[in-house]
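This report describes helix packing and pockets in the structure shown below.

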Amino acid sequence: MQDQRKTIIVKEIAYWKENKMLPEHYCDYLLTLYTEGNGVEENTISKKRRGFLLSSLLFFSFIPITIFLLYFTELSFILQMAISLIFLIFCFVGIFLYNKKQLNVDIPATVAAIIFLLFSVAFVLYFFVNEIIFLYIILFLNCLFWYICGKRYKLLYFTISAYIGAFLLVILVVSKYMFN
């Protein structure tokens, strides 16, 4: 009976660790205590981590593929935009699924922001070739979007990126119009 109780407790602590119901170091301590230092098979935890790692690598692979498609291929503009839009949709679905599984949405959100930036810049450069002011506007709107997302969802790196982007944009605009 004692071993059965320990097994149940160990499974419950592993569940808490997997779903982040307690900090990981607390769970590690409790697992060490109840298994008497023998450890526990982290079969389900390692599967979840492996899945998270693979999906993160998939999301990160979207960035170089998008850059390659937009700037280094002779594909039609419509096809380039369609593929970029598909990657954006995958990122938004990833954000939704990560939220549903209570995982950290930083990776798909960051990839979505970068792809949206590349998408919008390519779009503006295609339709407004000689009108640099539209590029400045779209870059500013991207920075504004990052700022709003950073404040709303408490993502510090989005807020910092918005400040840095806006600062660099102001420097670029001022230097262009001051020295021309």
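## Packing of H5 against H6

In this predicted model, the contact between H5 and H6 draws on Ala113, Phe116, Leu117, Ser120, Val121, Val124 and Leu125 from H5. Their partners in H6 are Phe134, Leu135, Ile138, Leu139, Asn142 and Trp146. Sorted by class, the residues of this contact comprise 11 nonpolar, two polar and no charged.

The axes of H5 and H6 come within 9 Å and cross at roughly 165 degrees. Since angles over 145 degrees count as roughly antiparallel, H5 is therefore roughly antiparallel to H6. The crossing of these two helices is right-handed.

## Packing of H4 against H5

Helix H4 spans residues 77–100 and helix H5 spans residues 106–127. The two pack at an angle of about 160 degrees, and their axes are 9 Å apart. H4 and H5 are therefore roughly antiparallel to each other, and H4 passes H5 in a left-handed crossing.

On the H4 side, the contact is formed by Phe77, Met81, Ser84, Leu85, Phe87, Leu88, Cys91, Phe92, Gly94, Ile95 and Tyr98. These residues meet Pro108, Ala109, Val111, Ala112, Ile115, Phe116, Phe119, Ala122, Phe123, Tyr126 and Phe127 in H5. The contact of H4 with H5 contains 20 nonpolar, two polar and no charged residues. Phe116 of H5 takes part in the contact with H4 and also in the contact with H6.

## The largest pocket

The largest pocket holds about 580 Å³ of space. Its lining consists of 25 residues, and those nearest the centre are Lys48, Arg49, Gly51, Phe52 and Leu103. By class, the lining of this pocket has 12 nonpolar, six polar and seven charged residues.

Helix H1 (2–18), helix H3 (43–71) and H4 each supply at least two of the lining residues. H3 gives the most, with nine residues.

## The second largest pocket

The second largest pocket has a volume of about 310 Å³. It is lined by 13 residues, of which Phe92, Ile95, Ala109, Cys149 and Tyr153 are the closest to its centre. Two or more lining residues come from each of H4, H5 and helix H6 (132–152), and H5 gives the most, with four.

The lining of the second largest pocket divides into 12 nonpolar, one polar and no charged residues. Phe92, Ile95 and Ala109, among the residues closest to the centre of this pocket, also belong to the contact of H4 with H5.

Note on methods
Residues numbered from 1 in each chain as written. Predicted model: local features only at pLDDT ≥ 70, side-chain atom pairs only at ≥ 80, totals over all residues. Heavy atoms only, no water. Axes fitted to C-alpha atoms, helices over the stretch in contact; angles between N-to-C directions. Parallel < 35°, antiparallel > 145°, perpendicular 65-115°, else oblique. Left-handed = near helix turned anticlockwise from the far one by under 90°. Contact = heavy atoms within 4.5 Å. Nonpolar A, V, L, I, M, F, W, Y, C, P; charged D, E, K, R; others polar. 1 Å grid on protein atoms, 1.4 Å probe; cavity = no way out; pocket = protein on both sides within 12 Å on 5 of 7 lines; lining within 4 Å. Points joined across faces, edges and corners; volume = space filled by probe spheres on them.
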